[in-house]
Amino acid sequence: MAEPAVKRVPGRGRFITFEGGEGSGKSTQIRALAQRLDAAGLRTLVTREPGGSPGAEIIRHLVLSGMGKLLGPDAETLLFAAARDDHVRTVIEPALARGTWVLCDRFSDSTRAYQGRLGQVTPAFLDAMQRVTIGDLKPDLTFILDVPVEVGMKRAAIRRGAGAPDRFESENLKFHQDLREAYRQIAAEDPQRCVLVDADADTATVAASVWTAVRDRFFKADVGSMASLA
Ligand code: TMP
């Protein structure tokens, strides 16, 4: 169904990130949200981490191959940071400055969860990396897609088909259970920014929750633009 056109609000775009464990359905939900925003007349950019720029995609390949793990947790964190630095500088910041809405599959919460809470890289190290790579850039809204580990692992295995599990998919069940807990904690610690979504529901139900949160956050008070969207 066509959405009514949005009255363009000039200025900076919005930065929305999607986080969650393996098989939590982030990519599907990002595509669904991008379609709704596009249909409403907004310019969107869908991107991902690690990756999203030519340089960062090379690092993605390196990290997911398991190369970073061989170097140890701090060095692996530096690889994610280098990828993020390039991605933010060459893709995310310029897009936001043009007024584009940036929808990013994973961002700094992934580092906090995977390298911080699970990899035991210290908060001081992560803070230092964050200052260098993203400075004051903070997502305007973060969806944390929460799904039981068994469900997520099954979805990830189906998606992978005959391919081998990557660096993180091949971690054990306990790792993925702790990861789910880490994300739930991040959501609880920053309720202003984070929305925890039950991602065990069907795709359309999850997409509806995401859309409601976006509408409430960005358009409810904006009378004359999207306030009338159903
Ligand atoms: P995905 O994009 O297919 O989810 O794969 C990216 C993997 O990289 C995922 O297992 C999470 C991991 N990751 C980190 O460990 N730290 C990070 O900062 C980011 C962005 C991803």
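**Ground rules.** I worked from a prediction, where local features need pLDDT of at least 70, side-chain atom pairs count only at pLDDT 80 or more, and totals for chains, interfaces and linings use all residues. Residues are numbered from 1 along each chain as its sequence is written, and side-chain values use heavy atoms, with hydrogens and water left out.

**Entry 1: H1 against H9.** I began with helix H1 (residues 26-39) and helix H9 (residues 203-219), whose axes lie 10 Å apart at an angle of about 50°. (Helices are DSSP runs of H or I with at least four residues, strands are E runs of at least two, and both are numbered from the N terminus; axes are lines fitted to C-alpha atoms, for helices over the stretch in contact, with angles from 0 to 180 degrees between N-to-C directions.) That angle makes H1 oblique to H9; angles under 35 degrees count as roughly parallel, over 145 as roughly antiparallel, 65 to 115 as roughly perpendicular and the rest as oblique. I then listed who touches whom, contact being heavy atoms within 4.5 Å. H1 brings Thr28, Gln29, Ala32, Leu33, Arg36 and Leu37, while the H9 side includes Val210, Trp211 and Val214.

**Entry 2: the largest core.** Which residues touch the most other members? Among the 22 residues of the largest nonpolar core, they are Ile16, Phe18, Leu33, Leu37, Phe143 and Val214. (Such a core is a set of buried Ala, Val, Leu, Ile, Met, Phe, Trp, Tyr and Cys residues joined through side-chain atoms within 4.5 Å; buried means under 20% relative accessible area, exposed over 50%, partly exposed in between, with a 1.4 Å probe and protein chains only.) H9 gives the largest share of this core, 7 residues. I followed up valine 214: leaving aside neighbours within four places in sequence, its contacts are Ile16, Leu33, Leu37, Leu141, Phe143 and Phe219.

**Entry 3: H2 against H4.** Helix H2 (residues 54-64) and helix H4 (residues 73-97) cross at roughly 160°, their axes coming within 8 Å. H2 is therefore roughly antiparallel to H4.

Entry 4: Most residues other than glycine have a negative phi, and most peptide bonds are trans, so I looked for exceptions. Glutamate 49 and proline 50 are joined by a cis peptide bond, omega about -10°. Arginine 106, in the loop between E3 and helix H5 (108-118), has a positive phi of about 80° and is buried at 12% relative accessible area. Glutamine 120 has a positive phi of about 60°, but is exposed at 67%.
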